[in-house]
Amino acid sequence: PDLSISLTMTPATNADGGDVITFTIVLDNNGTTPAYDIVVTDNLDGLNDFLDLASVINTTATPGSWIFDNLGAFVTFTLSGSDSLEAGGQQTFTFTAELDDNVTPNTIYQNEVSVSGSSEKDSPPEERSSTDSSTDNITTGSPSVVKSLKSVSPDGTGTGGTNVTVGDTLVYNLAVTLTEGTTTNMVITDNLPAGFEYSNFNVVSAGYNGTVSTSPTVGTSGD
């Protein structure tokens, strides 16, 4: 047998805490003989800070004689005994797991799946083995910021600021969107044009379902 395996995780980008990730594993026997004693293994141990391992659910549509197991961080699909994957045969497995609430934003996580099988059942000495592996990445979402002019006083007109003069106070909004998870050491930089002087700030967290510091550190340069 000639076994090959592929792994796809979705969504692959902009994932955040609480999202359900679907793992799709496709196994092919590209050889000319059946494959026996097949074990497909996805080791999630390296993703402890990425996945809620207790949330793993087998969603394979047509498992047939395949046996699903979830032992700790190991997800396995096993075909044993007289059952085989015929030459040219294919089997698709799917399972889901939730992203941990404390997942780190803007981070790439890699997962690997592997397969092993043999040309004879029950592992006789003359068997020929076949193995393969595949990896896929998932990227968590990143914080974003949108800057807008809120008001100009005392001489400005509305938010357009068409009559800005020396001494006017311009109030800007910096709307920050955080992904679900834990964002630490975030730095927001606003480079003020020549002639502008920083005055003060106010943090508005109304409507934000989380914890955010209301006393961020402002750089002494006025950025």
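Visitor: Why does aspartate 52 count as partly exposed?

Guide: The model is predicted, and its areas are computed from the atoms. Aspartate 52 has a relative accessible area of 32%, and partly exposed is the class between under 20% (buried) and over 50% (exposed). The residue is found in strand β4, which covers residues 51-58.

Visitor: Which residues form a negative surface patch with Asp52?

Guide: Such a patch joins like charges within 9 Å, each residue having over 30% relative accessible area and no salt bridge. In this structure, the negative patch consists of Asp52, Glu98, Asp101 and Glu180.

Visitor: How many salt bridges does the structure hold?

Guide: A salt bridge requires a side-chain nitrogen of Lys or Arg within 4 Å of a carboxyl oxygen of Asp or Glu. The structure holds 1 salt bridge. Lysine 147 and aspartate 190 form it, with their closest N and O atoms 2.9 Å apart. This pair connects distant parts of the chain, 43 residues apart: lysine 147 belongs to strand β10 (residues 144-153), whereas aspartate 190 lies in the segment after β11 (169-177).

Visitor: Are the two partners, lysine 147 and aspartate 190, buried or partly exposed?

Guide: Lysine 147 counts as partly exposed because its relative accessibility is 41%. Aspartate 190, at 16%, counts as buried.

Visitor: Which residues make the nonpolar surface patch?

Guide: For nonpolar side chains, the joining distance is within 5 Å. Val145, Leu174, Val176, Met186 and Ile188 make a nonpolar patch of about 390 Å². One of these residues, isoleucine 188, lies in the segment after β11. Isoleucine 188 is partly exposed, its relative accessible area being 41%.

Visitor: What does the side chain of asparagine 29 reach?

Guide: A polar contact is read from a pair of N or O atoms within 3.5 Å. The side chain of asparagine 29 reaches the backbone oxygen of threonine 33 at 2.9 Å. Asparagine 29 is part of strand β2 (residues 20-29). With a relative accessibility of 1%, asparagine 29 counts as buried.

Visitor: Where is the place of glycine 31?

Guide: Glycine 31 is in the loop between β2 and β3 (35-43). Glycine 31 counts as buried because its relative accessibility is 17%, and buried means under 20%.

Note on methods. Residues numbered from 1 in each chain as written. Predicted model: local features only at pLDDT ≥ 70, side-chain atom pairs only at ≥ 80, totals over all residues. Heavy atoms only, no water. Areas by Shrake-Rupley, 256 points an atom, 1.4 Å probe, with all protein chains shown as cover. Lys, Arg positive; Asp, Glu negative; His and termini not counted. Charge placed at Lys NZ, Arg CZ, Asp CG, Glu CD. Helix = DSSP H or I, 4+ residues; strand = E, 2+ residues; numbered from the N terminus. Buried < 20%, exposed > 50% of the residue type's maximum accessible area, 1.4 Å probe, protein only. Polar contact = N/O pair within 3.5 Å; in protein donor to acceptor, adjacent residues only side chain to side chain.
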